[in-house]
Amino acid sequence: MSTNFQKLSSGEIKVNGEIGHRMQITAEKILDHLDIEGNFARHFKKRLKEPLVPGGFAGIGMLLDAIVKATAAGVSGERMQLLKEKIIGELSASQSNDGNISVFADKVGAWDNHEQAYIIIALTGNYALCGDENSLETALRLGDFLLQRKTLLNLGLEQALLMLHKYSGEKRFLDYCLNEFNLTCSMEEYDRLLPVNGIRHVYTFMARIHAQLILGDIIGEYKNLTGGAHELFRRILNGGYSSVSGTCTGGGVWGELWDNSQIGLGRWGETCATAYLLRICRKMLEIEGNSIYGDLYERALYNALFAAQSPDGLNQRYFTPFNEPGVWYERETYCCPNNLRRIMFELPQAVYLKSGDGLVINLYEESSVKTEINGTDVELTQNTGYPNGDSSHIKVGIAKPAGFSLLFRVPRWSRGFSASTGTETYYGSPGNFLEIKRLWHNGDKIDINLPASVQLIKGTVAQQGKLAVKKGPVVYALDQELNNLSKHELATLFLDHSGPAEFNADGLTLRGEIHMMGIREKKIRFTRFSSPGRTITYLPASRANLDKAVEDELYNQDSYNPGASELNI
């Protein structure tokens, strides 16, 4: 089973726009506002019987993996490079003769091998992306320590051992994954193997799926390895286990479990799950060529992920509930802050992919890509105001005329998608890819039109009888302070929208009513879901609004055909 698309290297894609900005503020947080010594490094330099880091898990491997990816992408230049070398040098110096790298003096903590897994992922990544052989040697010694200890399963371990096998060629790491971790087994069997968490835990569920897809990369065959991924997307797309914002965890005191109640309060929308959802969406788009993975990626990116980071990059969320403001996470350690940092530097590789004889434009982002197609060096430059605007403009740079394909993802929400080359206009069908295959010349331009209207989205389960507001991939939510609403006014607010929406720098404005001491008309100002001031996403609505509301095009019984492997053009 071959893939429909191929991933480009991080060096081939450059991003500006919102993704570029998010990467930059993430880098600035790491370099200028993160106490790496106090929060992370000191625990490994001086191991204690009872480590001071909560739970014995700092997350330094995740942080280092983010720094490695930032360095490979050229973000923050020499400063990021020097920081990477410092952390790797200190971790290597802390490695004991048996290969162990740990915060524990003598015992094994519950999350020790979880930490070690991501240290290995970061070190092997530094070898793969930056050619550092010392990093690989350090990772191999730590990997052998885990095998000799007969490590049990934990999040990230399968990927760590697979990376050791891939980059060293040492088969013992692959064998351990296949025999001890039973990597190819069903999710039900996997659940019985787990000493911590279980497949009710969404991050654990996704980490296993991610590892199975990596195994497919290594062996060059995905047969019998995508069943878990298909179950994941059935739950999210058909089963009601995802919110309009793209978040997919909630429920109970823990808040990291599968939940289809659509309550959206408190511990809802774990950032780790959002990060892994994006990884799996990108990989499944590559494997199967089904544009729905790109659509879901886009929804989770602009809403769930960006809402988990403050506009200045200084704060991040562990949970992002969709029907109340949520809180900023008080610590920099642990998984969510550092999984957020990791995924930020992976985003460019979802903008463009390579097809058999051309390029795929998956995200409409300010960016450029340089790669070789059929032996010819090609550069695409994309200028856009998307997702706020409805158009994107692409320019072709090429030394001599060459024939190849450009494939444009046509979102499911799109009506009237078109691409004009100046002499011809092509129209795309929602949920497919629009292909333009022709002889391209230097300076050729493609003008993409992505018209998006405001949609009123029907709430389900706990949000039955309420509506959310969406334009294209972007969900809008009400900001209580921006609207100068008291708690009592907010509780009686009623959406009664008619006529066109008003757009401005803050977002959009719709008509509503306050049902308190009579009825008072109110213009309701909505901001993007990623805005830190947003309060609630679903509002009660008039019968007229409920009647004209639509099902979310992503989340319904008919939206997903699991296992589709044919590219729809």
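In the second largest cavity there is about 40 Å³ of space. A cavity is defined on a 1 Å grid over the protein atoms alone, as a set of points where a 1.4 Å probe fits but cannot get out, and lining residues have an atom within 4 Å of a point. Grid points are joined across faces, edges and corners, and a volume is the space filled by probe spheres set on the points. The structure is a predicted model, in which local features need pLDDT of at least 70, side-chain atom pairs count only at pLDDT 80 or more, and totals for chains, interfaces and linings use all residues. Residues are numbered from 1 along each chain as its sequence is written, and side-chain values use heavy atoms, with hydrogens and water left out.

The lining of the second largest cavity consists of Thr26, Lys29, Gln309, Gly313, Gln316, Pro337, Leu340 and Arg341. Helix 1 (17–32) and helix 14 are the elements that give two or more residues to this lining; helices (H or I, at least four residues) and strands (E, at least two) are DSSP runs, numbered from the N terminus. Helix 14 gives the most, with three residues. By class, two of the lining residues are nonpolar, four polar and two charged, where Ala, Val, Leu, Ile, Met, Phe, Trp, Tyr, Cys and Pro count as nonpolar, Asp, Glu, Lys and Arg as charged, and the others, Gly among them, as polar.

Four cavities of 30 Å³ or more are counted by this rule. The largest cavity holds about 50 Å³ of space and is lined by Ala41, Phe44, Lys45, Ile60, Ile87, Glu90, Leu91 and Ser94. Two or more residues of this lining come from each of helix 2 and helix 4, and the largest share, four residues, is that of helix 4. The lining of the largest cavity has five nonpolar, one polar and two charged residues.

Helix 2 (residues 36–45) and helix 4 (residues 77–94) also pack against each other: their axes come within 8 Å and cross at roughly 25°. Axes are lines fitted to C-alpha atoms, for helices over the stretch in contact, and angles run from 0 to 180 degrees between N-to-C directions. Helix 2 is therefore roughly parallel to helix 4; angles under 35 degrees count as roughly parallel, over 145 as roughly antiparallel, 65 to 115 as roughly perpendicular and the rest as oblique. On the side of helix 2 the contact (heavy atoms within 4.5 Å) is made by Ile36, Glu37, Ala41, Phe44 and Lys45, and on the side of helix 4 by Leu83, Lys86, Ile87, Glu90, Leu91 and Ser94. Six nonpolar, one polar and four charged residues make up the contact of helix 2 with helix 4. In the loop between helix 3 and helix 4 lies Ser76, whose phi is near 65°, a positive value in a residue other than glycine.

Helix 12 contributes Thr274, Leu277, Leu278, Cys281, Arg282, Met284, Leu285 and Glu288 to the contact, and helix 13 contributes Ser291, Tyr293, Gly294, Leu296, Tyr297, Ala300, Leu301, Ala304 and Leu305. The contact of helix 12 with helix 13 comprises 12 nonpolar, three polar and two charged residues.

The volume of the largest pocket is about 770 Å³. Its lining numbers 31 residues, of which Lys7, Lys69, Gln159, Glu346 and Gln349 lie nearest its centre. Helix 3 (60–72), helix 5 (112–130), helix 7 (157–168), helix 10 (202–219), helix 12 and helix 14 (335–344) each give two or more residues to this lining, and the largest share, five residues, comes from helix 12. In the lining of the largest pocket, 14 residues are nonpolar, six polar and 11 charged.

Glu18 is placed in helix 1. With residues up to four places away in sequence not counted, Glu18 touches Tyr302, Phe306, Glu365, Pro387 and Arg528. Glu18 and Phe306 are 288 residues apart in sequence, and their C-alpha atoms are 9.5 Å apart in space. Pro387 belongs to the loop between strand 6 (376–384) and strand 7 (391–398), and the peptide bond from Tyr386 to Pro387 is cis, with omega near 10°.

Methods: 1 Å grid on protein atoms, 1.4 Å probe; cavity = no way out; pocket = protein on both sides within 12 Å on 5 of 7 lines; lining within 4 Å.
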